[in-house]
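Please read it alongside the sequence and the model.

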Amino acid sequence: MDKQEYQKKVSAVMPPSPKLKNTIKAFLCGGLVCSIGQAFNLLYQRLGADKEKASTYVAITLITIAAILTAIGVFDKIARHAGAGTIVPITGFSNSVVSPAMEFKSEGNILGTAAKLFTISGPVIVYGSAAAGIYGLIYYIVQNFGA
């Protein structure tokens, strides 16, 4: 059986995905996450933080909340309904760090939780940092030696 035949058989038994419904749910849930972030931003500014510090506090708060929700098994239930609405914002990064660690916690703190902590997000961090360094170098060269 070749790939085309296999794909036809899969398509025949697989129910169609409600793309519009999923898109709307993701949009609304992602907007809710951003609105919650904005509410924290306003709260932190009201408590005396300047805009830059408030933004940092918001990122820390959203990452912490998502990590806790992942650890207690709630984040995945929300993500089943919200789809990309929870994965795209910073909460998705937090979930990608904590999920593998929670999955392997039965193997112990060192070989389970700690070893798996950056399984998914590690490559993103490594290649993101490398790309930022390369782009920074290109920018420096263009700014100082370009036309």
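## Basis

Helices are DSSP runs of H or I with at least four residues, numbered from the N terminus. The model is predicted, so local features need pLDDT of at least 70 and side-chain atom pairs count only at pLDDT 80 or more, while totals for chains, interfaces and linings use all residues. Residues are numbered from 1 along each chain as its sequence is written, and side-chain values use heavy atoms, leaving out hydrogens and water.

Helix α2 spans residues 19-46 and contains Ile24. Together with Leu20, Phe27 and Leu28, Ile24 makes a nonpolar surface patch of about 470 Å². Areas come from the Shrake-Rupley method with a 1.4 Å probe.

Ile24 has 43% relative accessibility and is therefore partly exposed (buried is under 20%, exposed over 50%, partly exposed in between).

## Cysteines

There are 0 disulfides (cysteine sulfur pairs within 2.5 Å). The sulfur nearest to that of Cys29 belongs to Cys34, 11 Å away. Cys29 is partly exposed at 25%.

## Aromatic pairs

Rings of Phe, Tyr and Trp (its six-membered ring) pair if their centres lie within 6.5 Å; planes under 30 degrees apart are stacked, over 60 edge-to-face, the rest tilted. The count is 3 aromatic pairs. Tyr44 and Tyr57 pair edge-to-face, at 5.6 Å and 80°. Tyr44 is in helix α2 and Tyr57 in helix α3 (residues 51-71), so this pair ties together parts 13 residues apart in sequence.

Technical notes
Buried < 20%, exposed > 50% of the residue type's maximum accessible area, 1.4 Å probe, protein only. Patch = residues over 30% accessible without salt bridge, like charges linked within 9 Å, V, L, I, M, F, W, Y side chains within 5 Å. Salt bridge = Lys/Arg side-chain N within 4 Å of Asp/Glu carboxyl O. Helix = DSSP H or I, 4+ residues; strand = E, 2+ residues; numbered from the N terminus.
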